[in-house]
Structures are given as C-alpha cells and as structure tokens.
Amino acid sequence: MSNQNFRSILTGSFSTPCADNPTVAMIEAAYHHAGIDARYINCDVKAAHLADAVKGALAMEWVGFNCSLPHKVAVIEYLDELAQAARIIGAVNCVSIRDGRLVGDNTDGKGFLASLRDVIDPAGKRVFLLGAGGAARAIAVELGLADAAHITIVNRDPEKAGVIAALVRDNTRCDATGGAWAGKARIPEGTDIVINATSVGLGDAQAMPDVDLDTLVKGQVVADVIPNPPMTRFLREARGRGCTPLDGLGMLVNQGVIGVELWLGKTLDAGVMKQTLRDIFGASDAG
C-alpha cells in the first residue's frame with residue numbers, strides 16, 4: 001500500500017464572476033481521460049484579493065493557473081517573467097509556476113491561432129478583424145507574430161483599433177491599419193480571413209455583427225470567437241455564401257490544451273475537451 005499517492009497536481013482559474021466558466025469541466029474531463037491525477041479549481045477571486053490568491057497558489061504549490069476578467073492586467077505586477085506575446089499584448093491569462101517563479105503568458109491569441117491553422121496558415125495572408133477588445137488585441141498580435149501580411153482592424157471607437165494596429169506594426173513584421181466601424185462593415189477586396197472578435201452573438205443564435213454580408217467572398221475563412229452557440233448566425237450566413245466557417249469552440253479548447261502544455265508539459269486530448277463543451281452548451285449545429 002505504501003506506493004499510493006493521494007496528492008493531486010493543482011491547477012485552476014482566478015476570476016469573478018466565475019460560476020458560468022466551463023473551463024473546469026473541459027480540463028478535468030481531459031485530465032481524467034489522460035489518467036493524470038490533477039485538479040482544476042475554479043475560484044471566484046475579487047480584485048482586492050488577487051495578490052492573496054497568487055500567494056496562496058504559490059504556498060499550496062500549484063503548478064499554474066488561468067486568469068480571466070478582471071485580472072488579466074492586474075496580475076502582471078505579481079509575476080517574475082512574461083512570455084513574448086504576453087509582454088506585447090500587455091495582458092496575461094495563463095500563469096505557470098516553476099521552482100517558485102511565476103511566468104505569465106497569454107493563450108487567448110494562441111488558442112485562436114491553433115484553431116485557425118486547422119483550416120489555413122495565416123502567413124502572408126490579409127486579415128479583416130472586427131472589434132478592438134482584449135480578444136482582438138491578443139489575436140492581432142499572434143497573427144502578426146505568425147507573419148500575416150496585413151491586418152485591418154475596425155471598431156466603433158477607431159482610436160482603440162489604431163492602438164492595436166500600432167502594436168502589431170511596432171512588434172511584428174506584419175503591417176496593420178485601424179479604422180472606424182461605421183454602419184455596416186465592408187470587407188476589403190483581397191481579404192483571406194475575416195474574424196469577429198466582438199461579443200456579438202454570445203448566447204444569442206440570432207444576433208450578428210453589423211457586416212455587409214455581400215462583401216464576403218466564396219473561399220474566405222470566416223472565424224468567430226464566440227464559443228456558445230458555436231455555429232453563430234454570422235458563421236451560418238458565411239457558410240451559406242461558400243466561406244469556410246471557424247467556430248470559437250476550437251479557440252477555447254486550444255487555450256486549454258496550450259495552458260496544460262505550459263503547466264505539465266503534457267498534451268491533452270482536444271476531442272474530449274470539445275465534446276465536453278458541446279455537451280454543456282447543448283451544441284447542436286443550428287443550421
């Protein structure tokens with residue numbers, strides 16, 4: 001009996017509110033499938049308690065944790081080191097703890113990129129990006145680092161789009177421009193990849209970003225960051241026009257896979273994670 005080990009590897013997430021975050025179910029299902037004795041603990045951490053939560057993770061010898069809203073920027077001051085993407089983006093959603101050192105990374109854009117690469121290599125491609133929030137920022141930086149040729153970013157507040165475009169130009173070899181999203185967004189000719197990085201469509205199968213669908217071209221890849229419902233109305237409309245749809249489920253799953261690779265050096269089964277999310281979201285393909 002002496003060889004039994006009752007100590008689990010500890011990982012988890014710090015955010016608030018956290019009750020509607022399905023990451024715990026997705027990752028624990030994959031741990032179980034892989035036969036890894038690890039837990040993913042979903043913690044509701046208020047902004048005022050973030051420093052204590054980080055100290056607690058260190059004290060309890062967690063191997064890593066995710067940080068979601070509102071901690072992605074605030075957590076940086078408690079870290080020892082930042083990975084390249086996290087440094088450029090200025091936000092962290094994944095922290096690894098190695099030998100008592102806290103290393104921050106950003107898997108938002110990495111998860112999207114891994115999903116995108118299943119259908120197209122962004123190197124040398126022209127991208128049209130809707131929105132200029134945290135997801136758009138992370139995705140734009142990762143696309144730049146992946147040598148996309150040009151990224152056009154549009155946003156209701158064009159200044160925010162301009163900031164992200166400058167970030168891409170200053171830190172990668174990719175060219176980028178920011179502009180105003182006024183009325184229906186028109187997709188420029190020659191665009192290879194169209195991405196909705198806004199929250200429009202989250203939890204609403206009929207909502208759609210304000211885009212002139214007639215400017216979509218057959219053969220374009222049209223991606224959405226929304227995981228629920230996976231097949232958003234925007235993607236259904238794009239698919240109907242001969243575009244290749246890419247849902248936000250893959251982005252979420254790949255973020256989990258990449259995070260666990262950073263923590264444990266092991267690659268979990270993405271299929272198990274995706275199926276777990278589909279079961280949770282009741283994800284039938286609407287359309």
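Axes are taken here as lines fitted to C-alpha atoms, for helices over the stretch in contact, and angles run from 0 to 180 degrees between N-to-C directions. The structure is a predicted model, in which local features need pLDDT of at least 70 and side-chain atom pairs count only at pLDDT 80 or more, whereas totals for chains, interfaces and linings use all residues. Residues are numbered from 1 along each chain as its sequence is written, and side-chain values use heavy atoms, with hydrogens and water left out.

Helices (H or I, at least four residues) and strands (E, at least two) are DSSP runs, numbered from the N terminus. The axes of helix α1 (residues 23-34) and helix α8 (residues 248-264) come within 10 Å and cross at roughly 55 degrees. Angles under 35 degrees count as roughly parallel, over 145 as roughly antiparallel, 65 to 115 as roughly perpendicular and the rest as oblique; α1 and α8 are therefore oblique to each other. With contact meaning heavy atoms within 4.5 Å, Met 26, Ile 27 and Tyr 31 of α1 meet Leu 252, Val 253, Gly 256, Val 260, Trp 263 and Leu 264 of α8. When Ala, Val, Leu, Ile, Met, Phe, Trp, Tyr, Cys and Pro are counted as nonpolar, Asp, Glu, Lys and Arg as charged, and the others, Gly among them, as polar, the contact of α1 with α8 has eight nonpolar, one polar and no charged residues.

Buried residues have under 20% relative accessible area, exposed residues over 50%, and partly exposed residues lie in between (1.4 Å probe, protein chains only). A nonpolar core is a set of buried Ala, Val, Leu, Ile, Met, Phe, Trp, Tyr and Cys residues joined through side-chain atoms within 4.5 Å. The largest such core has 29 residues, and those with the most contacts inside it are Leu 116, Leu 129, Ile 139, Leu 143, Ile 151, Ile 153 and Ile 195. Elements that each supply at least two residues of this core include α4 (108-116), β7 (126-130), α5 (134-145) and β10 (193-196). A second, separate core of 19 residues includes Met 26, Cys 94, Val 260 and Leu 264. Within strand β10, Ile 193 is buried, with a relative accessible area of 0%.

Helix α2 (residues 50-59) has as its buried residues Leu 50, Ala 51, Ala 53, Val 54, Gly 56 and Ala 57, which pack against β1 (9-15), β3 (64-67), β5 (94-98) and β6 (101-105). Just after α2, Glu 61 takes a positive phi of about 60 degrees, and this residue is exposed, with a relative accessible area of 53%. Asp 99, in the loop between β5 and β6, has a positive phi of about 50 degrees although it is not a glycine, and counts as exposed at 81% relative accessibility.

Cis peptide bonds join Leu 69 to Pro 70, with omega about 5 degrees, and Asn 228 to Pro 229, with omega about 0 degrees.
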